Amino acid sequence: MDPAVIGSRLASSAVAPLIRKLFVSEASGAGLVDKPVRISGLVSFRGEKRTLTEKDIRKLSTELVSRAIETAGPHERPIPAEEDQAVADAVARTLLALGELDMDDVQAVSLGHRALVRRLLDLALDQGLTLTLGWDATELYRSLLETTCLHVLHFFTQRSDFVARTLVEQSRQLSDLITRIDLLVTRNPAASTLDARFEQRYADYISQKYGTLTIVGLDLSHAEATWPLDAAYLSLETVASEECASSLTDPQPLGPVPADQALAGQAKVLLRGVAGSGKTTLVQWLAVCAARQRLPEGMEHLRGVIPFVLPLRTIARQPALPLPDGFLAAVQNPLHSAQPQGWADRLLSARRGLLLIDGIDEIPERDRERVRAWLADLIVAYPGNLWLVTSRPSAVADSWLADQGFTELLLSSMSREDIAAFVGRWHEAARTTCRTEEERADLDGYQGALHDAIRGKQDLARLATNPLMCGLICALHRARRGYLPPDRKELYDAALSMLLSRRDMERHVYAPGDVQLAERPQIQLLQRLAYWLIRNGQTELDRDRAEHIIAEALPAVPDAQRQGDAGQILRHLLLRSGILREPAAGAVDFVHRTFQDYLGAKAAVEAWDIGLLVKNADDSQWEDVIRMAVAHSSPRECAELLTRLLARGAEEPDVQARLHLLATACLEHVPDLDPAIRDQVKRHADKLIPPASAAQAGALSAVGPLLLELLPPPDGLTSTQANLCVMAASHIASDAAIGYLRRFVPANPTTRRALMNAWARYDTERYFTDVISQLPREETFIANTEEQLRRLHHAGGRAQMRVNGNHSGRLLEELLNPAELTLLSLRDNNALTDFGFLRGFGQLRDLSFSRCRRISDLSALSDLALHTLFLARERGRSLPVGLGSLTTLKHLRLYLGSDPRIFDVRLPSLTRLTLTADESGFDLNQVVQAFPGLEAVRIETARTAGEPLDLAPLGELAHLSHVQVYGPDTRGADRLEGRSVRLHGIPRPRTRIS
């Protein structure tokens, strides 16, 4: 028996009495205490009241090892007899370290038994323990330590003086774990030598056979289409089907559950999923995890079970479905003749079976009832085992296995995060197949490029929403050295070929008598359905109508007509094509809108419906249809379509930008086109891209994601062009824009500010990861929401922050970093009443606030060493009081609105002053009295009010050296001899604050 699992097989009745001897007995009258108890005070082999000696500990450890070896059975000794004492000595030395632990019982329980093992082992090694054990002996030693520490922690939680109120949950978990181990011992009694040896051999076979993933149906090398399961597997989520959820008595129906944990809450599951959604991959993963018994968190329910992988496409071909002793022979497992007689019966009777029955949809409909009866008989004969049955959604009726107690779950599509994780896992797995470091380096580049491509191209992202299609894209991308097929048509053709014919053929799914359609007749029928949906502006149609459309098409498709009527052919397309599905009873749609548009475009071109395509070209729902129609077109058809798009755009200014850019986007799908037409399309595009003004950038953003494929990269753009491209892209409500915007991170500061302002339009976490986190930390970062503030806070905060919106002082104090913040700008905040929250921000030097209408007192800032302050007088309100207490200020910027009067204040230390108002009328005598230490003064107004502004009073400022005036008429400048005076008649552009 494997020594690594011996400890887990020890029942609590064998271990607990030995563990109790390690600790002192409780005194009478013991009860709850206020503080935890030091472990060194609990052990029975230290202190004045010790009852055990070191010799006793060694005897106890010897007994523990002896009981473990007895558990393995008389013929399965896990280690040679001569190593028994060495293991016992090592266990004893480690247990003695309990007395040296610098922690209490509460800390130990919180730590957990595995972490406690590591802590004890570290202490024992520090005290001179040397492990010179063999491999098996070392594994037995570690296993016994884990079991011992588990019972030690359980012992702590059972003491009456344990601080139970803080550890109720840990106590429950430990008790549950002890119970599970006892249950496992009951479920998994000491097997015979033959059974145990065969199970290990069988587990090794399962691990190797199902330990890799392969995409079938692609013209790729074995290395390009195959990768290790361990590295590539990604657990998706399952949800309860509507029928299952409605039948639950629990008022809270099943929520999303990781697919590989579906059997944790129920022993029998019917799992439905569309073609390529990962059903067979999940079967492989469960089989490999159970075989290896290295179980990830959440899959502990597979402890001790043995998997049987039973693909129905294989076993249903036989005259009779197999009984347990025939499972291995039915799937042509080469070990079937080596299994001990009665092994499968003993295993299932002990409730140790994991039965993975894959592919109800892959067998003829006439065989499915036979399979259901076979399952029902097995479940009655062998209760208590784990059962997973997989099927495509339409193969069997709802509640098909409800009478047998099965819960029905649906595999969810991959989310954006799942796709990103899958691409990362796939490339990590692919690296294990590389022979050189150069190949591994190439894969790093491929991975980044593919992430960008999927993020930036909506059609690609829509295609990659299940593991099969995502894996296909990864494999094709690698095979073409970091490039996907040069046009989408090639990619879609490869996907359709795989789904419609090659995948089933290479997996030997068909049986004699099945409907077997080649790829072309399936496409002919599917494109009829797709074009009907497009013409009618729908994405779903009734099954009756779908059947009617098929019936009308059958005479033109003799290969299909020979094999069945419209109902039979539609049923075949729903079950086997991988392109159609039945999302609800009586409804039909395409699994990907991409396939609907691609096939519908092919039908439109074959029907020469160019006029219909041009008529609908301003509808974004037709955008991909038109682009794919160009890909399907002959040069003559393509020239006509593009020419008519340009002509309609010229006639209708409201849709001109969309139509001319759509024509430009079509060029990538046209290998052969009249050069004159190609030049004409490009000339129209050059008038639009890059945008020449803010108004044009705003108008272009209405074109939508299509624009992202046509906007230029930042290289070669002027600063103004870069800003306008970012403006246009950042107003496109699609995450595809993030990939484009990220490319502008190294651009100029104005562009980077635009990137920060765009944050609020996109998912907070993703935009932070892709854009915000890439910006230089010395930038002034902009946050508008609490979620953005928290994300920056978790990333360590930033030194310069501009925070917009109503955020309380308590929240700002929590989420801004006092050790780093040097500049803070607050705008549009009516939640703040004072600046008390900034008292601990000792590094803050620059503060500005505007439209913070409830701030009336600045005295809370007096303890800060502020150098610069900007404040604005709110309309109809006085400036805040307390400015005079800010004695460290060097630069004050005041916006006075429509009232240019200076308030009563005195700050002799101020050296720079900027005054801004809507009109002149300043009394500069007040400035001289308030700020006698000024060295530089700047005045900005939009217009002159009444008399010219008299600068003469500034001559009284002894340290004044520079004066700048923007806007008003002035007089008295001649009184400022020896100073630098600059007068500008036109005010500089500025943001108006009202």
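Me: Which residue forms a salt bridge with E582, and how far apart are the closest N and O atoms?

Reply: A salt bridge here is a side-chain nitrogen of Lys or Arg within 4 Å of a carboxyl oxygen of Asp or Glu. For E582 the partner is R543, with the closest N and O atoms 3.1 Å apart. E582 sits in the loop between β11 (580-581) and β12 (587-590), while R543 belongs to helix α25 (residues 543-553), so the pair ties together parts that are 39 residues apart in sequence. Before going on, note that this is a predicted model, where local features need pLDDT of at least 70 and side-chain atom pairs count only at pLDDT 80 or more, while totals for chains, interfaces and linings use all residues. Residues are numbered from 1 along each chain as its sequence is written, and side-chain values use heavy atoms, leaving out hydrogens and water.

Me: Is E582 buried or exposed?

Reply: Buried means under 20% relative accessible area, exposed means over 50%, and partly exposed lies in between (1.4 Å probe, protein chains only). E582 has 17% relative accessibility, so it counts as buried.

Me: What span should helix α22 have?

Reply: Helices (H or I, at least four residues) and strands (E, at least two) are DSSP runs, numbered from the N terminus. The expected span of a helix is 1.5 Å times one less than its number of residues. Helix α22 (residues 467-479) has 13 residues and should span 18 Å, which agrees with its end C-alpha atoms being 18 Å apart. Twelve of its 13 residues are buried, so α22 is largely enclosed by the rest of the structure. Just after α22, R481 takes a positive phi of about 55 degrees.

Me: In what order do the ten strands of the open sheet run?

Reply: Strands of a sheet pair through backbone hydrogen bonds, either parallel or antiparallel. Two strands count as paired if DSSP finds at least two bridges between them. Here the order is β13-β14-β15-β16-β17-β18-β19-β20-β22-β24, with parallel pairing. β13 (780-783) and β24 (980-984) stand at the edges with a single partner strand each, so one side of each has no neighbour in the sheet. Five bridges join β14 (residues 800-804) to β15 (residues 823-827), and V803 has L826 as its bridge partner in β15.

Me: Which residues touch the most other members of the largest nonpolar core?

Reply: A nonpolar core is a set of buried Ala, Val, Leu, Ile, Met, Phe, Trp, Tyr and Cys residues joined through side-chain atoms within 4.5 Å. In the largest core, of 262 residues, W374 and F835 touch the most other members. Leaving aside neighbours within four places in sequence, F835 is in contact (heavy atoms within 4.5 Å) with residues including L826, L847 and F849.
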